[in-house]
Amino acid sequence: MLDLPLPIHPTTGPRGFSPVFAVGDADPNHPFALTLSRRTPADLMSGQAAPLVLARFATLADAMLGAIDHAEGMATNTAPLLLAIFDRDERLVLAGAARDCAVAWCHPVMSATEARGVVTEASQLRAQAGRAAAWGEPDLAQRLRHRADLLDARLVDPLWRAFAARALQVAA
């Protein structure tokens, strides 16, 4: 239940800005897809909430560099964007928030128990966001939803958990 893949639909680019990539392309043979999460209410209602594929990469390291290049191409006043790297089987490999020319990678959960705790906490944050929106606090609701999304970003596919954790250690 926790490891359901998200469908990845290729596009020419996200709305609002054009990404800058030093490496990577649209070659479908490359196993890693760098995606941009689309979870705005308008996207959810229109059925367009599937992540946008920004580029494909041959290695995880290249995909991580592509995410950093994308973050560097963003305007400094842009709200944080959730970037995710999926493998060719649409399993989450790594995710992070891009902002201010950097990517804050989310450390993957390492066990099913930890994953259950993350899902519980994210659900509670979304419930709080719903209450905040009902109370007329849209900014608070947005921050709570973003925190919940960052928690969900830790739900890396079990196949990739140890590898992603090690990649983050090497990158640090």
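Five helices and six strands: that is the secondary structure of this protein chain. Helices are DSSP runs of H or I with at least four residues, strands are E runs of at least two, and both are numbered from the N terminus. The model is predicted, so local features need pLDDT of at least 70, side-chain atom pairs count only at pLDDT 80 or more, and totals for chains, interfaces and linings use all residues. Residues are numbered from 1 along each chain as its sequence is written, and side-chain values use heavy atoms, without hydrogens and water.

From the N terminus, the order is β-β-α-β-α-β-β-β-α-α-α. Of the 172 residues, 40% are buried. Buried means under 20% relative accessible area, exposed over 50%, partly exposed in between, with a 1.4 Å probe and protein chains only.

Now contacts, meaning heavy atoms within 4.5 Å. Take those with a separation of 6 or more: residues 24 or more positions apart account for 67% of them.

Which residues of helix 3 are buried? Ala115, Val118, Ala122, Leu125, Ala129 and Ala132. An α-helix has 3.6 residues a turn, so residues three or four places apart point the same way. The buried residues of helix 3 pack against helix 4 (138-152) and helix 5 (161-171). Gly136 follows helix 3, with a positive phi near 80°.

Last, Thr78. It sits in the loop between helix 2 (60-72) and strand 4 (81-86). Thr78 is partly exposed, at 22% relative accessible area.
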